[in-house]
Amino acid sequence: MAWYYQGRCYEKANKYGHALKSYITAELIPSRKVDSLFLSKLHFAKSRIYSVFLRDKEAVDEASKASIFSLKADDIENYAGIVLEQARLYCSLNPYGFSDFAKADSCLIIVRSLWPQISLSRQCSWYDTMISFFSAQGETEPLKTIIEEYKEYMDQFPEMVDWKTLAVAYNELGEIPLMKESLEKCIYYGQNEDGDAGLYHLLLAEAEASMEDYDSAYHDLFQYCCLLQKQSYFISQHDIPFLEERYTYAHSHAKEHNIVLAMIIILAISFHVVR
């Protein structure tokens, strides 16, 4: 368990390679008493790391394992959160990813069936993911419907709403003033400096260009390009399959070394007793 918490510390410090090493080590160390809740947290942590590196298939595989363990632990709140993350990953359309809208839809149906058992925050996340689901497919009519349903939450609990997701949706619908308003709320609620900061600047550039504010649009487009370049460089510095293989091999090699050492000690003791 200590390796898992070490990984969490590395993850919070954005040292994702070290975090992955800690999580893999935590997974490989045998233990008689590892409960399902811990295993759920461990696999979901690995899913987050893969997501950072845009390795959506590995991320969704780990999230799937995490959802199984959270359900086994009867932790419905976290189960719903993990399944929503699976849905988000299935909707992914990044250059390194894939999309599977049928599976995303199944995940969204599962969470909706848990509505009375999940928190208000999870309900907001469900709407956010539904909006992403329809935006990614360009389905404007159901997108308008789900946004209309979501308005009650937007008015009462604005701090829980993912305003960047709404900005993407309004952009898809051609509602530029509403997109600009959503982006302003991103700033107000501190949502413009997360892992999708580049998306914020890209959307803002589109809004500014539509209003013929080309100087500001150029500035934000430049910011977007810088962040994208930074992300690409960061990913290029981390060969995830190599890291996985190296850490797994190192653990296996250390285990074999300990077995050999134990055999030598046993033989030495046996020899001493015989003498």
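**Helix α3 and its neighbours**

Modeller: Helix α3 packs against helix α4 (residues 56-72) at an angle of about 165°, with their axes 7 Å apart. Axes are lines fitted to C-alpha atoms over the stretch in contact, and angles run from 0 to 180 degrees between N-to-C directions. α3 is therefore roughly antiparallel to α4 (over 145 degrees; under 35 is roughly parallel, 65 to 115 roughly perpendicular, the rest oblique). Helices are DSSP runs of H or I, at least four residues, numbered from the N terminus.

This is a predicted model, with residues numbered from 1 along each chain. Local features need pLDDT of at least 70 and side-chain atom pairs 80 or more, while totals for chains, interfaces and linings use all residues, and side-chain values use heavy atoms, without hydrogens or water.

α3 passes α4 in a left-handed crossing (near helix turned anticlockwise from the far one by less than a right angle; clockwise is right-handed). From α3, the contact (heavy atoms within 4.5 Å) is made by S36, L39, S40, H43, F44, K46, S47, Y50 and S51. From α4 come E58, A59, E62, A63, K65, A66, F69, S70 and K72.

Now the other partner. α3 (residues 36-52) also packs with helix α5 (residues 76-90), at about 25° and with axes 12 Å apart. α3 and α5 are therefore roughly parallel. α3 passes α5 in a left-handed crossing. Here α3 supplies S40, F44, S47 and S51. α5 supplies I82, E85, R88 and L89.

Take S47, which lies in α3. S47 is buried at 1% relative accessible area (under 20%; over 50% is exposed, partly exposed in between; 1.4 Å probe, protein chains only). The S47 side chain reaches the backbone oxygen of A59 at 2.7 Å. Residues up to four places away in sequence aside, S47 touches A59, E62, A63 and L89. Of these, A59, E62 and A63 are on the α4 side of its contact with α3. L89 is on the α5 side of the other contact.

S51 is also in α3. S51 counts as buried, at 17% relative accessibility. The side chains of S51 and R88 are joined by a polar contact of 3.1 Å (N or O atoms within 3.5 Å, one able to donate a hydrogen and the other to accept it; residues adjacent in sequence count only through side-chain atoms). Beyond its neighbours within four places in sequence, S51 is in contact with A59, E85, R88 and L89. E85, R88 and L89 are among the α5 residues facing α3 in that contact. A59 belongs to the α4 set.

Note on methods
Helix = DSSP H or I, 4+ residues; strand = E, 2+ residues; numbered from the N terminus.
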